[in-house]
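Let's take a walk through this structure together.

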Amino acid sequence: MRMHLITAAAGLLLLAGVGAAAAQDVVIQPEQETVIKEYVHKQPLASVKLPGVELNVGTALPDTVELHEVPNVKYRYVVVDNQTVVVDPHTRKIVKIIQ
């Protein structure tokens, strides 16, 4: 009986962890993405190099990288290795790489 309770508790913790991870996923609405793309097109930035940093959603950018504001959007952007990267300014994590 005790083993069943431990197994059930472990299963619940695992499911809770999966739910918490899913809740952290950032979804940029299509309207927001359009606003960001249009702004970036009008306000081009020079590309910066970040040796040793892989550009993936969820990667945190170093504090040395200057993030640029997009009016009326909570996210910031920067161009890294000729790719526009949308970043959460609070965590500095990449939320979207615009192709």
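Where does Asp88 lie? Look in the loop between β3 (83-87) and β4 (94-98); strands here are DSSP E runs of at least two residues and helices are H or I runs of at least four, numbered from the N terminus. Before going on, a word on the ground rules: this is a predicted model, with local features needing pLDDT of at least 70 and side-chain atom pairs counting only at pLDDT 80 or more, while totals for chains, interfaces and linings use all residues. Residues are numbered from 1 along each chain as its sequence is written, and side-chain values use heavy atoms, with hydrogens and water left out.

Zooming out for a moment, the chain has 2 helices and 4 strands, and they run α-α-β-β-β-β along the sequence. Of its 99 residues, 27% are buried, meaning under 20% relative accessible area with a 1.4 Å probe, protein chains only. Contacts are heavy atoms within 4.5 Å; of those between residues at least 6 apart in sequence, 56% join residues at least 24 apart.

Back to Asp88. Which side chain of opposite charge is nearest to this residue? That's Lys74, at 5.9 Å, and Asp88 is buried yet has no salt bridge (a side-chain nitrogen of Lys or Arg within 4 Å of a carboxyl oxygen of Asp or Glu; Lys and Arg count as positive, Asp and Glu as negative, and His and the chain ends are not counted). What you do find is the backbone nitrogen of His90, 2.8 Å from a polar atom of the Asp88 side chain. Setting aside residues up to four places away in sequence, Asp88 touches Tyr75, Lys93 and Val95.

The loop between β3 and β4 also holds Arg92. Arg92 counts as buried because its relative accessible area is 15%. Its side chain makes a polar contact of 3.4 Å with that of Asp63 (a pair of N or O atoms within 3.5 Å, one able to donate a hydrogen and the other to accept it; residues adjacent in sequence count only if both atoms are side-chain atoms). Beyond its neighbours within four places in sequence, Arg92 is in contact with residues including Leu61, Leu67 and Val87.

Technical notes: Buried < 20%, exposed > 50% of the residue type's maximum accessible area, 1.4 Å probe, protein only.
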